[in-house]
Amino acid sequence: MEAVRSRSPHSQALPSSEPWAKVSLSVLIPAHNEARVIEAKLENTLAQRFGRPVEILVGCDGCDDETVSIVEGFAHRGVRALVREARRGKAFTMNELAAASRGDLLVFTDASCMMDAGALRAQGWEVAEVADPEALAGADLAIVVNPNNPDGRRHAPDELAALA
C-alpha cells in the first residue's frame, strides 16, 4: 500500500514533499450569485503555490448575475464552470462538484474566502510515504495514492477505520 500520511497541528496546509507530489488536487468552489467576489477568488486560487497542476471547478448554482460569464472567462487558465440553471442549494452543488472532479484530494472553499499566496504551506504538515496501514495510526489525513493495490494485499475497511 502506498499512502501519504499528513499531520497538522491546527489547520490543514498542503505540503510539498515527494510523496505529496503524487497526489492530484481539485479545488471546488460552490457559487450562487458571487459576481462581486468570484474574479478575486479565482485570481487568489490561481496564485496559490500548490506545487502541482490543480483542477479548479466552480459550481454555478442558479446564478442570475454575471458569475457564470466571469468564471467562463477563466477557462483559458484551466478553470471549469459547472452551470446549473435552476438553484439546487450548496450541499447539492458541493456533491455535484465532487462527482465531476478528478483529484485525489478535494478542497472545498467559499467564493468569499481569500488566502495569502503562501498560506497553504505555512502550517508545515509532516508528510511521509508509508508501506503499512498501521503507520497511518493517528494521522490527520491518509490518502491512498495507488488504489489498484498492485502488491495484492487487502485491508478490510474496519481495519483501516480502527486506525483513526
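**Note on the sheet and core of the predicted model**

1. In this predicted model, an open sheet is built from 4 strands in the order 4-3-2-5, with parallel pairing. Strand 4 (79-84) and strand 5 form the edges, each pairing on one side only. From one strand to the next, the twist averages 25 degrees.

2. The pairing may be followed across the sheet by its bridges. Strand 3 and strand 4 are joined in the parallel sense over 6 bridges, and valine 58 has alanine 81 of strand 4 as its bridge partner. Strand 2 and strand 3 pair over 7 bridges, also in the parallel sense; here leucine 28 stands opposite leucine 57 of strand 3. Strand 5 (residues 105-108) runs parallel to strand 2 and is joined to it by 4 bridges, with valine 107 of strand 5 opposite valine 27.

3. Because 7 of its 7 residues are buried, strand 2 is largely enclosed by the rest of the structure. Leu25, Val27, Ile29 and Ala31 point one way from the strand, whereas Ser26, Leu28 and Pro30 point the other way; all are buried.

4. The largest nonpolar core comprises 15 residues, and those with the most contacts inside it are Ile29, Ile38, Leu42, Val58, Val71 and Val79. At least two residues of this core come from each of strand 2 (25-31), helix 1 (38-47), strand 3 (54-61) and helix 2 (67-72). In soluble globular proteins, nonpolar side chains tend to be buried together.

5. Which residues does leucine 42 touch, leaving aside those up to four places away in sequence? They are Ile29, Ile56, Val58, Val71, Phe74 and Val79.

6. Helix 3 (residues 90-100) lies across strand 2, strand 3, strand 4 and strand 5. Relative to strand 3, helix 3 runs at about 145 degrees.

7. Two remarks concern aromatic rings. A search of the whole structure finds 0 aromatic pairs. The ring of phenylalanine 92 does, however, have the charged end of arginine 88 sitting over it, 4.1 Å from the ring centre.

Conventions
Residues are numbered from 1 along each chain as its sequence is written. This is a predicted model: local features need pLDDT of at least 70, side-chain atom pairs count only at pLDDT 80 or more; totals for chains, interfaces and linings use all residues. Side-chain values use heavy atoms; hydrogens and water are left out. A nonpolar core is a set of buried Ala, Val, Leu, Ile, Met, Phe, Trp, Tyr and Cys residues joined through side-chain atoms within 4.5 Å. Buried means under 20% relative accessible area, exposed over 50%, partly exposed in between (1.4 Å probe, protein chains only). Contact means heavy atoms within 4.5 Å. Rings of Phe, Tyr and Trp (its six-membered ring) pair if their centres lie within 6.5 Å; planes under 30 degrees apart count as stacked, over 60 as edge-to-face and the rest as tilted. A charge sits over a ring if NZ of Lys or CZ of Arg is within 6 Å of the ring centre and within 35 degrees of the ring normal. Two strands pair if DSSP finds at least two bridges between them. Axes are lines fitted to C-alpha atoms, for helices over the stretch in contact, and angles run from 0 to 180 degrees between N-to-C directions.
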